[in-house]
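This briefing sets out selected local features of one model, grouped by topic. Please read it alongside the sequence and the coordinates shown here.

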Amino acid sequence: MDLVYVSTRNADEKVTASQAILKGLAGEGGLFVPTNIPALDVSMDELAKMSYQETAYEVMKLFLTDFTEEELKYCINSAYDSKFDTEQIAPLVKADGAYYLELFHGSTIAFKDMALSILPYLLTTSAKKNHVKNEIVILTATSGDTGKAALAGFADVPGTKIIVFYPKNGVSPIQEKQMVTQKGDNTFVVGINGNFDQAQTGVKQMFSDTGLAKVMDDAGYQFSSANSINIGRLVPQIVYYVYAYAKMYENGEIGKGEKINVVVPTGNFGNILAAFYAKNMGVPIAKLICASNENKVLYDFFRTGIYDKNREFILTSSPSMDILISSNLERLIHRIAGNDAGKNAELMKALISDGRYEITQEMREQLTDFYGNFTGESKTAEVIKSLYESTGYVIDTHTAVAAGVYAEYKAETGDIDTKTVIASTASPFKFTRSVMNAIDSGYDRMTDFELVDELSKIANVAVPQAIEEIRSAPVLHDTVCEVEEMEAVVKRFLAIEK
Ligand SMILES: *Cc1c(COP(=O)(O)O)cnc(C)c1O
């Protein structure tokens, strides 16, 4: 029997995995969730011996039940290949007592590659399975990393086009350069005069606009999403938590059944939700530690049960976490509401109308797996500097937010013995200036690429291919628009008349 996916806002909207991947977003703004989280059906002893690709198959086959073995293995093997600069795909590095799970060895050196390198294959396979004739238009809002990873994944994939919106002044210079130099005839990159939430809201509006869908269909197009709301993003992210645990077990770092903590630097709540799913599949995880930067909506939510986005939006040195509406949290809310779509929809309606909602005491009691905290800007820099000085290991700003929260967690709870995995979500080379300034403010006078070479020297790590590529690459995308113009820009790119 196929695993059924339902909308978080309408229990009557039920689809298969491949249909959920194709649609991206459910009707009425809902997200698709599996009706139950399947349990792993292989033992940890078996998983311990598996490669990343084999582990991916064991996890993904349980969620994408309408894919054949051949289809799924084709997707996995096409994604996790030499695009990654290590055969381990997601290596663990032990530093200062914690295990850093490096999720940045793919083509754009951030963790979004873990899912976006496979999504194009899942999507085109899903289209074939469902006899889709339209060309698929991937519409994405990005706070920096998703955009480039999606562009890299979809560039020149037949039957697809990709349009990426990013906040013009809200991404790092290297992130921007990575995107605007993207090759591929089917790629479009647009800076908006607004922040990430506005970009994301604009994209969501286009998705739920049935009039626009009709216009698109007449022109032979249909939208799909590469944002982390697509279950084709979420499911591949579960894999590396299973893999990390299995490798720690294999290497004798933990004993059979020993519980570990997982710390995740969080923005849209996708990565940590994947860890929660891994726990529910049977991976022995104790606490899911949710790390925020100064945009600490989630920290406040875990402390008070109130989600409130009515606050100043702060630009930080960890821009991929500068988010006030954590879209994937809705999947957790739906679950702790007893999978009650009506109740969830009501809360999400309040979020749209009032910018806030409060969950019940009964719902709060189901959040005991989670611990939330945040790391401020100066502490983030201190964490980078002190880890470098004590171990020689250099982490990026997002990972430093997580490491800072882990230190807080240990101090607050006294839980210093549980082995802990910190999701390391970006290479320090992606946020070189912030990282180098943290280590020594004297570096600030150097140019971006001088800093890259200096980082390579002090960290004793080769400059990643993704950075080498953009040193001299020409800018191929220069469109900038207002928030209100997003739909018009899409129509212009697709040559659809108003
Ligand atoms: C996207 C991103 C995050 C946040 O991940 P979510 O799944 O949105 O919570 C953290 N760090 C980096 C480097 C990212 O690119």
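Arg433 counts as partly exposed, at 27% relative accessibility; buried means under 20% relative accessible area, exposed over 50%, and partly exposed in between (1.4 Å probe, protein chains only). The model is a predicted one, in which local features need pLDDT of at least 70 and side-chain atom pairs count only at pLDDT 80 or more, while totals for chains, interfaces and linings use all residues. Residues are numbered from 1 along each chain as its sequence is written, and side-chain values use heavy atoms, with hydrogens and water left out. Helices (H or I, at least four residues) and strands (E, at least two) are DSSP runs, numbered from the N terminus.

**Salt bridges**

- The structure holds 26 salt bridges, a salt bridge being a side-chain nitrogen of Lys or Arg within 4 Å of a carboxyl oxygen of Asp or Glu.
- Arg433 pairs with Asp444 through a salt bridge of 3.2 Å, N to O. This pair links distant parts of the chain, eleven residues apart: Arg433 belongs to helix H19 (432–439), and Asp444 to the loop between H19 and helix H20 (448–459). Asp444 is partly exposed, its relative accessible area being 42%.
- Asp453 and Arg471 form a salt bridge whose closest N and O atoms are 2.8 Å apart. Since Asp453 lies in helix H20 and Arg471 in the loop between helix H21 (465–470) and strand E16 (479–482), the pair ties together parts that are 18 residues apart in sequence. Asp453 is partly exposed at 39% relative accessible area, and Arg471 is partly exposed at 28%.
- Salt bridges that share partners also join Asp41, Glu58 and Lys61 into one network.
- Lys94 and Glu253 meet through their side chains in a salt bridge of 3.6 Å, N to O. Lys94 is in strand E4 (residues 92–95) and Glu253 in the loop between helix H11 (231–250) and strand E10 (260–265), so parts 159 residues apart in sequence are tied together. Glu253 counts as partly exposed, at 27% relative accessibility.

**Helix H15**

- Helix H15 (residues 341–354) has 14 residues, which at 1.5 Å a residue should span 20 Å; its end C-alpha atoms are 19 Å apart, which agrees. The expected span is 1.5 Å times one less than the number of residues.
- Asp340 caps the N-terminal end of H15, with a side-chain oxygen 3.0 Å from the backbone nitrogen of Gly342. Such a polar contact is a pair of N or O atoms within 3.5 Å; within protein, one must be able to donate a hydrogen and the other to accept it, and residues adjacent in sequence count only if both atoms are side-chain atoms.
- Gly355 follows H15 and has a positive phi, near 75°.
- The buried residues in H15 are Ala341, Asn344, Leu347, Met348, Ala350 and Leu351. An α-helix has 3.6 residues a turn, so residues three or four places apart point the same way.
- Among the elements covering these buried residues are strand E1 (5–7), strand E2 (10–15), helix H14 (329–336) and helix H16 (361–364), where contact means heavy atoms within 4.5 Å.

**The five-stranded sheet**

- Five strands, in the order E9-E6-E7-E8-E16, form an open sheet with parallel pairing; two strands pair if DSSP finds at least two bridges between them.
- Strand E9 (221–225) and E16 stand at the edges with a single partner strand each, so one side of each is left without a neighbour in the sheet. Neighbouring strands of this sheet are turned by 30° against each other on average, direction ignored.
- E6 and E9 pair in the parallel sense over five bridges, and Val137 stands opposite Phe223 in E9.
- Helix H6 lies across E6, strand E7 (160–167) and E9, running at about 145° to E6. Helix H10 (residues 210–218) lies across E6 and E9, at about 125° to E9. Axes are lines fitted to C-alpha atoms, for helices over the stretch in contact, and angles run from 0 to 180 degrees between N-to-C directions.

**Positive phi in loops**

- Glu28, a residue other than glycine, has a positive phi near 55°. Glu28 sits in the loop between helix H1 (17–23) and strand E3 (32–34) and counts as exposed at 55% relative accessibility.
- His131, which is not a glycine, has a positive phi of about 55°. His131 lies in the loop between helix H6 (119–129) and strand E6 (135–141) and is exposed, with a relative accessible area of 63%.
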